[in-house]
Structure formats: structure tokens, C-alpha cells
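Please read it alongside the sequence and the coordinates.

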Amino acid sequence: MKITNVTLTAMALLTPFLFAEEKGHEGHDHDDHDSATHDDVATIAGPNGGKVFTSTEPHFEFFVTKKRMIRLTFLDKDNKAATPAEGCTASAVSGDRSSPTKMTFTKDGDSLISDKPLPEGKKVPMILQLKSAADADNVTEKLNIDLNSCSTCAHLEYACTCEH
Ligand SMILES: [Zn+2]
Ligand SMILES: [Zn+2]
């Protein structure tokens, strides 16, 4: 069995997160961050119906396709349409910490698409790392992707636009 440094780093990052699922993002609450800097970003959906993140410039949409692939799309300044992001890169680790799924991403039009689907489950933890350009800062997002349908809006819970 080959264990690379990258895998070890990813597992070290994932482990504390999995034990702290209910605690939220320590010192880095995205909803607070969003509402402080971008008035309505926290409650809007991206052009594909995914969740908009403002941690990169340009912002990006996180979307899970029907085949459970992860599609990352960098957005224009209104968060309404895809914008080309030359040199953007991403990688992710998701699922159970005993057998994490490591994903790489490749360009697909103006998006990045994962090389494999999310592991099974309706709530899947993920640590996503991405750069919006070759010389941009590396951004880490810790997610707990909730794939249940929202009872009050048309989105899945991970991209829910309701205030609940
Ligand atoms: Zn909801
Ligand atoms: Zn909703």
C-alpha cells in the first residue's frame, strides 16, 4: 500500500473535522462572513442551483450533479453566470475517514469536474481545496454535503436558500 504525503495531509485534515461535525466551522463561519461582506450571497443559489462560495475571487459555485460528481464553476461578479478561470485547480477528500475518497478535478468548459462521484450517503463530509488561478491563494472549504431535499425550496439542503 502506497501512502503519499498528500494522502497523509488530507487524512490529517479530515480526521478532526469528522469528530467535530456538529460544531460548525471553528472561527470561520461562512454565513457570518458572507453577510458581513456580501449582503445577499449567503442566501442565493448559483446558476446550476448549487451553493455559492465567496472565499475565492472570483466566487465559485459548488454543485453536485445527478451522478454525484462535484462541479465547481467560477462566477461573474453577480454570481449569475460562469466565468472563465484560467489556471484554476482543485482537489478534495470526502467520505468516511476509514476509507476516504480522494478526488481530482479536470477542466470541463468553464467548470472543474471531479474524476469520481461522492461516496454513498445523504450527508457526506468533504475537505475541498481550490485555487481560482495559478497564482491565487489556496482556499480550503470544510463541507458537510447534505443531499436531502429541502422541504421548503427547490434545492437540496447543501444549497438551500431558506433561512433555517
Ligand atoms: Zn432547507
Ligand atoms: Zn430551502
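Buried residues make up 28% of the 164 residues in the protein, where a residue counts as buried if 20 or more other C-beta atoms lie within 10 Å of its own, as exposed if 12 or fewer do, and as partly exposed in between, with C-beta atoms placed from the backbone. This is a predicted model, in which local features need pLDDT of at least 70 and side-chain atom pairs count only at pLDDT 80 or more, whereas totals for chains, interfaces and linings use all residues. Residues are numbered from 1 along each chain as its sequence is written, while chains are lettered from A and ligands numbered from 1 in the order in which they are written.

The protein has two helices and eight strands, and from the N terminus on the order is α-α-β-β-β-β-β-β-β-β; helices (H or I, at least four residues) and strands (E, at least two) are DSSP runs, numbered from the N terminus. Of the contacts with a separation of 6 or more, 48% join residues 24 or more positions apart, a contact being a pair of residues whose C-beta atoms, placed from the backbone, lie within 7 Å.

Strand pairing, for which DSSP must find at least two bridges between two strands, includes the following cases.

| Strands | Sense | Bridges |
|---|---|---|
| β4 and β7 | antiparallel | six bridges |
| β7 and β8 | antiparallel | eight bridges |

Within these pairings, S91 stands opposite Q129 in β7, and L128 has E141 in β8 as its bridge partner.

Leaving out residues up to four places away in sequence, A90 touches L72, F105, L112, L128, Q129 and L130.

I70 belongs to strand β3 (residues 70–74) and is buried because 26 other C-beta atoms lie within 10 Å. Beyond its neighbours within four places in sequence, I70 is in contact with V64, A92, M103, S114 and L118, and its C-alpha atom is separated by 8.2 Å from that of K116, 46 residues apart along the chain.

L75, by contrast, sits in the loop between β3 and β4, and is buried because 22 other C-beta atoms lie within 10 Å. Its contacts, not counting residues up to four places away in sequence, include G46, V52, F60 and A81.

Notes: Contact = placed C-beta atoms within 7 Å.
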